[in-house]
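Dear colleague,

Please find below the structure that I am handing over to you. My notes on it follow directly after.

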Amino acid sequence: MRGVLSNLIEVNHSKIKETNRKKIIKLLLERTEITKLDISRILGISITTVSTNITEFKSEGIVEDVRSLESTGGRKAIAIRLKEDCKFSIGIALTPNHIKIALVNIKKEIIENIRISHNNDGIENLIRIINEKIDFMMKKYNLDSEKLLGIGLSLPGTVDFKEGIIKYSYLLGVKDFNLKEKFQYLNVPIYVDNEANLSAYYEFLSRKDVLKNLLYISITDGLGLGIIINGKIYRGDNNSSGEFGHIKVVIDGKKCKCGAKGCLEAYASMNSLIESYNEEVSENILDIDEFEKLYMQNDIKTKKVLDDYLRILAVGISNLIMILDPNTIVIGGDINNLLNDKMEILKKNIYKDNLFTDESSCNISIADFKESYMLGAAMMPIEEFLEIK
Ligand SMILES: [Zn+2]
């Protein structure tokens, strides 16, 4: 009995120690510099505990002294600061045409940004390229499993977050593939998640003081949805929530890349916008940049195609609102530039036949960042490191 009790006290003690550590690091992240006394006052932790922690942080290379500050008592107090290069995180995004990698420091500043195009010739090849780049960054920035907080990976497709398995990504041609185990040799936490989830997460982090729930609609090669409920990514009971692109909008409609017919994605992804244009004129534009260029040149066909597109996208968003009644929807991805001055039309279409809510009940906006999935992937190890459990 005594053994159990002392074990419990020990567990409790180490939990308090861990909590104090994280509280101090969080405060150091908010301040450029601070004295031990101020840390003690602000956090309500004894000065002895603060001092013990700071000594530990110094030996771990997490903090450093900055300079003496005149304190009121005439004695000089040393201010300390967090060294921004003490911890790093790597965010990696796999898209059908690119691998995007960002090295981010604990202050969430991007240190290195790499973009490589690929031919989508198999997941093993993509992993090989990623490992080369990780190796390059580990050497360049002297990273080891102490300094590197973890790696976040963003995928287009369904993912088993807990196990780090890609369940299905038709855009990458991958099914039931354990991605996590390919990076376990690094001996750091590995997070594998869906791109829309990570974009939603990133957008949420920048507004977490003001909201709890958020929907992120990701318009890229596919059409995805990230759902944040009470500050957490909602994944569904089988890791398959947010397959917004594959809700059916037309019975026996256009063939979708997933293999089914009449999915919203077949009408409302970026690819489908380009396809619709190519069908309309017998042209063959290849990407959204070309479409945008024609649109800016007042090409009538692009305007017609975009208007039709907005109508069907609005149907999808309207359905979402009917089910979830959100206060905040962020639309992001590859067609932000086109949507920016179309928001009023889009909102009008969304609320056209909605008798239950109106425009004033939900803030629908365009995302500030195009590649928020990569940044969300990079934030995950940092947020996990700082989270007080
Ligand atoms: Zn589909």
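Which residue caps the N-terminal end of H8? In this predicted model, the cap is Asp287, which has a side-chain oxygen 3.2 Å from the backbone nitrogen of Asp289.

Helix H8 itself spans residues 288-296, and its buried residues are Ile288, Phe291, Glu292 and Tyr295. These four lie on the same side of H8, because they cover an arc of only 100° around the axis. The face turned away from that buried side carries Asp289 and Lys293, both exposed. Among the elements that cover the buried residues of H8 are helix H7 (270-280), helix H9 (300-324) and helix H10 (336-340). Just after H8, Asn298 takes a positive phi of about 65°.

Within H8, Phe291 deserves a separate word. Its relative accessibility is 0%, so Phe291 counts as buried. Leaving aside neighbours within four places in sequence, Phe291 is in contact with Leu273, Tyr277, Ile285, Thr302, Val305, Leu306 and Leu338. Phe291 and Asn12 are 279 residues apart in sequence, and their C-alpha atoms are 60 Å apart in space.

I turn next to the nonpolar cores. The largest has 43 residues, and Leu28, Ile39 and Ile54 have the most contacts inside it. At least two residues of this core come from each of several elements, including helix H1 (2-30), helix H3 (47-59), strand E3 (76-82), strand E5 (98-105) and helix H12 (372-386). H12 gives the most, with nine residues. Not counting residues up to four places away in sequence, Ile39 touches Ile24, Leu27, Leu28, Ile34, Gly44, Val50, Ile54 and Ile80. Apart from this core lies another, of 39 residues, among them Val281, Ile288, Phe291 and Leu320.

For comparison, the ideal angle for four tetrahedral donors is 109.5 degrees. Cys256 counts as buried, because its relative accessibility is 5%. Cys258, by contrast, is partly exposed, with a relative accessible area of 27%.

Ser269 is found in the loop between helix H6 (265-268) and H7. With a relative accessible area of 2%, Ser269 is buried. Its contacts, apart from neighbours within four places in sequence, are Ile219, Thr220, Asp221, Gly222, Leu223 and Tyr309.

Finally, two further asparagines should be noted for their backbone angles. Most residues other than glycine have a negative phi. Asn230, although not a glycine, has a positive phi of about 50°. Asn230 is located in the loop between strand E13 (223-229) and strand E14 (232-233), and is exposed, with a relative accessible area of 54%. For Asn239, phi is near 60°, which is again a positive value in a residue other than glycine. Asn239 belongs to the loop between E14 and H6 and is partly exposed, at a relative accessible area of 23%.

With kind regards

Conventions. Residues are numbered from 1 along each chain as its sequence is written. This is a predicted model: local features need pLDDT of at least 70, side-chain atom pairs count only at pLDDT 80 or more; totals for chains, interfaces and linings use all residues. Side-chain values use heavy atoms; hydrogens and water are left out. Buried means under 20% relative accessible area, exposed over 50%, partly exposed in between (1.4 Å probe, protein chains only). The arc is that of the directions from the helix axis to the C-beta atoms. Contact means heavy atoms within 4.5 Å. A polar contact is a pair of N or O atoms within 3.5 Å; within protein, one must be able to donate a hydrogen and the other to accept it, and residues adjacent in sequence count only if both atoms are side-chain atoms. A nonpolar core is a set of buried Ala, Val, Leu, Ile, Met, Phe, Trp, Tyr and Cys residues joined through side-chain atoms within 4.5 Å.
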